[in-house]
Amino acid sequence: LAIGLDILMPEADRFSPSQLVARHPGLDAETRGRLAALPNNDDLLAMRIFALPVAVGRAGLNGAGAAKPTDPTTVRIKGPPPDNLLRFDGHLPNVESIDAAAQGHGFLNSDPSRDGAIRSVPAVIGIGDEIYPSLAVEMLRLAVRQQTVTLASGVGGVRGLHVGQSFLPLDADGKIRLHFSHTERKRWISALDLLQGKLDTNIFANKLVLIGATGLGLRDAPPTPVSKRMDGVEIQAQIIENLLAGSRLLRPGWTTRAEIALLLFLGGILILAGRDAPPWRLIVLYAVPAVV
């Protein structure tokens, strides 16, 4: 249904024939000529991407040198433009031929908590005056064969996304608060097994497929509430699963005010009622508010 490349490719493939010629000036003229006549690897990849419903990943960047995307966004806005999204000055694109061949472009940026753990991820981000989709949202758009998705917003911020016939509620800041599951190896397909023909040729029929790199040496493996490290590509998969299954966690805007009021109320009870109370009553007065 759709393929998502959870890999950033901003530089030319250094194993392309033209790159090899440039890096090895000592090659003889015949070898240089034969290599120069071969197509670049990036162009070969772009040709394959062009024929398939592929969304390529991008990264939002801050700084004076961050360029704005030149292609139009696939996010339409219904309501007042939200001003509380995760925002960047520009972005890091892929090689031009790959970006041009892709049917979708989605951002891979996350928004870690103070302890570095990933608890929520943006479904949309802001760059300049435009709003762009995440990779997971762009894959869903391609899967339902829609030209755009619609971001519904109101006075309090974002309400959700209309993707095809479905409405996906979001937090007011445009993020998805993930209900994480533990790593499930049945989600994974070995690229080596695939290339060696060990898998059923129809294994990806009617599926959303993510392609990403994994390994202990990669930095893209942040902690989550259920694990010390989780590969970024699996987090992308869990975003899609949360959206499709409706299992994401929602935190309404009023919860912060309710928590503060409840803390003051229960804390006041503890202070007033526990002033001259025996120890067992103090334990009860402490335990009940803590559980609540």
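Q: Is Met-47 buried or exposed?
A: Exposed. In this predicted model, Met-47 has a relative accessible area of 57%. The cut-off for exposed is over 50%, so Met-47 counts as exposed.

Q: Where is Met-47 placed?
A: Met-47 is in helix 3, which covers residues 41-50.

Q: How far apart are Met-47 and Tyr-286?
A: In sequence, 239 residues separate Met-47 and Tyr-286. In space, C-alpha to C-alpha, Met-47 and Tyr-286 are 65 Å apart.

Q: Switching to pockets. What volume does the largest pocket have?
A: About 960 Å³.

Q: Which residues lie nearest the centre of the largest pocket?
A: Arg-187, Ile-189, Phe-204, Val-209 and Leu-210. They belong to a lining of 25 residues.

Q: Which elements supply at least two residues of that lining?
A: For the largest pocket, they are helix 6 (191-195), strand 14 (208-211) and helix 7 (232-245). Helix 7 gives the most, with six residues.

Q: And how many of the lining residues are nonpolar, polar or charged?
A: The lining of the largest pocket has 17 nonpolar residues. Another five are charged and three are polar.

Q: What about the second largest pocket: how much space lies in it?
A: About 650 Å³. The second largest pocket is lined by 22 residues. Asp-6, Leu-8, Leu-108, Asp-220 and Gly-232 are the closest to its centre.

Q: Which elements give two or more residues there?
A: Strand 7 (120-122) and helix 7 line the second largest pocket in that way. Helix 7 has the largest share, with four residues.

Q: What classes make up the lining of the second largest pocket?
A: It has 14 nonpolar, five polar and three charged residues.

Q: On to the inside. How many residues has the largest nonpolar core?
A: It has 32 residues. Leu-151, Leu-161, Ile-176, Ile-235 and Ile-239 have the most contacts inside that core.

Q: Which elements give two or more residues to this core?
A: Helix 5 (135-143), strand 10 (149-154), strand 11 (157-163) and helix 7. Helix 5 gives the most, with seven residues.

Q: You named Ile-176. What is Ile-176 in contact with?
A: Leaving aside neighbours within four places in sequence, Ile-176 is in contact with Arg-119, Ser-120, Val-121, Ala-123, Leu-170, Ile-239, Leu-243 and Arg-248.

Q: Which residues does the second, separate core include?
A: That core has 10 residues, including Met-9, Ala-46, Val-54 and Ile-98.

Q: Back to helix 5. How many of its residues are buried?
A: Nine of its nine residues are buried, so helix 5 is mostly covered. Among them are Leu-135, Glu-138 and Arg-141.

Q: What follows helix 5?
A: Arg-145 follows helix 5, with a positive phi near 60°. Arg-145 is not a glycine. It lies in the loop between helix 5 and strand 10.

Q: Why does Arg-145 count as exposed?
A: Because its relative accessibility is 54%, and exposed means over 50%.

Q: What is phi of Asn-206?
A: Phi of Asn-206 is near 55°. That is a positive value in a residue other than glycine.

Q: Where does Asn-206 lie, and is Asn-206 buried or exposed?
A: Asn-206 is in the loop between helix 6 and strand 14. At 65% relative accessibility, Asn-206 counts as exposed.

Terms used
Residues numbered from 1 in each chain as written. Predicted model: local features only at pLDDT ≥ 70, side-chain atom pairs only at ≥ 80, totals over all residues. Heavy atoms only, no water. 1 Å grid on protein atoms, 1.4 Å probe; cavity = no way out; pocket = protein on both sides within 12 Å on 5 of 7 lines; lining within 4 Å. Points joined across faces, edges and corners; volume = space filled by probe spheres on them. Nonpolar A, V, L, I, M, F, W, Y, C, P; charged D, E, K, R; others polar. Core = buried A, V, L, I, M, F, W, Y, C linked by side-chain atoms within 4.5 Å. Buried < 20%, exposed > 50% of the residue type's maximum accessible area, 1.4 Å probe, protein only. Contact = heavy atoms within 4.5 Å.
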